[in-house]
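Here are some notes to read with the model open beside you.

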Amino acid sequence: MCGIVGIVGKSNVNLGLYDALTMLQHRGQDAAGIMTCNQGKFAQQKAVGLVKDVFRTRHMQRLVGNMGIGHVRYPTAGSSGPALAQPFYVNSPYGIALAHNGNLTNTEKLRADLFNGDLRHVNTDSDSEVLLNVFAHELQLQGKIQPAAEDVFRAVEGVHRRIRGGYAVVGMIANYGVFAFRDPNGIRPLVYGYRDTDNGREYLIASESVALDVLGYTLVRDVAPGECVYITVTGELYTHQCVKKSGYAPCIFEHVYFARPDSIMDGVSVYKARLRQGEKLAEKILRERPEHDIDVVIPIPDSSRVAGQAMAQTLGVKFREGLVKNRYIGRTFIMPGQQLRRKSVRQKLNVIDLEFRDKNVMLVDDSIVRGTTCQQIIQMARDAGAAKVYFASASPAVQYPNVYGIDMPTATELIAHGRTEQEVCDEIGADWLVYQDLEDLIAASREGNPEIPHFDCSVFDGEYITGDVDSEYFSKLDEARNDKVKSSGESFAQGDNAMVGIHNDQ
């Protein structure tokens with residue numbers, strides 16, 4: 001999962017991009033980058049690390065220009081390092097920069113077509129660089145010295161014809177403007193808005209609406225599935241539906257875990273969706289165990305806090321913050337390598353003994369993926385003196401990998417894959433385990449926007465909406481995503497600080 005942002009303003013946009021990326025930091029903590037354009041020349045700064053660490057005053061002083069794009073990255077294919085930080089750039093045609101959230105499912109074919117047919121070179125193993133070169137080739141086919149909005153739209157139409165997967169894209173054409181588009185199924189999120197200044201109207205495009213809120217922009221709407229938004233350097237806004245919507249199926253795991261609760265996605269308040277998740281989970285508990293002996297509900301911070309509050313209220317039991325989070329540790333879900341994750345959980349969370357001692361505790365988390373985190377937290381609860389430790393997941397059992405931009409591990413690394421609910425309960429060491437029902441999870445999100453016909457629930461039901469995911473694809477995915485590969489990727493990221501192909505001022 002990554003975060004993207006683009007701004008077309010009436011003055012330097014560097015600080016706005018920085019602030020927006022800070023608001024999107026939860027979507028990626030591996031690397032960050034900003035690229036701006038001033039009088040036809042690009043300036044960039046990108047590196048491995050958090051936003052606050054990647055950008056210094058000297059960088060902001062050269063990141064001048066009234067338009068720019070930014071990106072925060074977390075790796076989706078086990079690889080990391082400075083060379084994969086975004087945005088990416090090509091100089092032909094015009095000079096194009098691009099940042100991407102998501103994952104293409106036909107990258108290998110695209111890479112071969114680019115080399116053999118389009119005669120273009122791809123320098124990294126990133127599918128984002130592949131996507132950039134596909135767009136650049138399609139735009140070059142328009143044959144214009146000065147591209148207009150319709151040329152950008154036709155290029156995006158060509159991109160949609162060639163690529164498959166889940167993707168939200170923001171890009172910039174030197175001298176001309178910023179463009180953004182979304183996959184035909186709307187799997188990955190993308191919104192845009194505006195603010196009026198004394199010098200005129202400014203536009204911002206971002207992965208989540210929270211980036212607009214903090215910077216004082218008014219949310220217009222989500223970019224529609226298959227739609228392209230193009231904003232010229234002078235501030236003219238154009239939109240066009242570049243491909244027929246395939247089905248409109250936004251990723252429901254955004255509502256479960258990734259998105260900030262104060263964001264609105266596809267018309268759905270993430271906060272209210274999580275409240276409803278907690279309510280429905282409590283209703284299931286009351287159906288199955290009306291005589292439950294739960295003394296207290298304790299959330300595993302932070303993403304399960306909202307669901308936990310609603311769950312406790314519906315059950316009529318106490319809600320307590322029994323786990324204190326060290327906010328200087330990253331999200332363990334997206335940390336590669338099982339050993340690193342085990343170490344991080346103990347560094348990340350500490351228990352308040354008095355909330356556990358001699359109590360029947362219901363721990364609530366947003367999901368159970370590998371089981372590493374909840375297994376250790378359950379043991380921490382027992383060490384703190386809990387009488388019984390129950391565990392609730394606000395989402396159903398995660399049984400299948402994600403192929404649309406979330407680094408959900410291979411099936412063999414998912415604790416629920418091939419196991420019954422009781423077997424998972426035994427494996428994590430809980431006295432009782434309860435999962436959210438899939439139909440309840442869908443209902444919790446759809447209540448926010450009944451116009452959404454489907455959600456991408458592939459990690460729960462194994463149904464991949466693009467229709468091009470098979471056993472061969474999963475075999476290759478396993479080679480790229482297993483923990484052994486990620487361990488080698490970590491050593492690369494830590495040992496190589498050089499930017500491949502581009503000088504980067506540190």
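Helices (H or I, at least four residues) and strands (E, at least two) are DSSP runs, numbered from the N terminus. Residues are numbered from 1 along each chain as its sequence is written, and side-chain values use heavy atoms, with hydrogens and water left out. This is a predicted model, where local features need pLDDT of at least 70 and side-chain atom pairs count only at pLDDT 80 or more, while totals for chains, interfaces and linings use all residues.

1. The whole chain. There are 17 helices and 22 strands. Of the 506 residues, 61% count as buried; buried means under 20% relative accessible area, exposed over 50%, and partly exposed in between (1.4 Å probe, protein chains only). Contact means heavy atoms within 4.5 Å. Among contacts between residues at least 6 apart in sequence, 71% join residues at least 24 apart.

2. Two cis peptide bonds. One joins Gln 86 and Pro 87, with omega about 10°, and Pro 87 lies in the loop between strands S4 (67-73) and S5 (88-90). Another joins Ser 92 and Pro 93, with omega about -5°; Pro 93 lies in the loop between S5 and strand S6 (96-104).

3. Positive phi in loops. Gln 39 is not a glycine, yet its phi is positive, at about 55°. This residue sits in the loop between strands S2 (31-38) and S3 (41-48), and Gln 39 counts as exposed because its relative accessibility is 75%. Asp 358, also not a glycine, has a positive phi of about 65°. You will find Asp 358 in the loop between strands S19 (349-351) and S20 (360-365), exposed at 64% relative accessible area.

4. Helices H4 and H5. H4 (residues 107-116) packs on H5 at an angle of about 45°, with the axes 10 Å apart. Axes are lines fitted to C-alpha atoms, for helices over the stretch in contact, and angles run from 0 to 180 degrees between N-to-C directions. The two helices are therefore oblique to each other: angles under 35 degrees count as roughly parallel, over 145 as roughly antiparallel, 65 to 115 as roughly perpendicular and the rest as oblique. Thr 107, Leu 110, Arg 111 and Leu 114 of H4 meet Asp 127, Val 130, Asn 133 and Val 134 of H5.

5. Helix H6. The end C-alpha atoms of this 14-residue helix (149-162) are 20 Å apart, in agreement with the 20 Å it should span at 1.5 Å a residue; the expected span is 1.5 Å times one less than the number of residues. Among the buried residues of H6 are Val 152, Phe 153, Val 156 and His 160. Their cover includes helix H5 (127-140) and strands S7 (165-173), S8 (177-182), S12 (227-232) and S13 (237-241).

6. Helices H9 and H10. H9 (residues 270-288) and H10 (residues 305-315) pack at about 40°, with axes 7 Å apart. That makes H9 oblique to H10. Residues of H9 in this contact include Tyr 271, Leu 275 and Leu 286, and those of H10 include Val 306, Met 311 and Leu 315.

7. Ser 393. Is this residue buried or exposed? Ser 393, in strand S21 (residues 388-393), counts as buried because its relative accessibility is 0%. Leaving aside neighbours within four places in sequence, Ser 393 is in contact with residues including Leu 281, Asp 365, Ile 368 and Tyr 435. Leu 281 is also one of the buried residues of H9.
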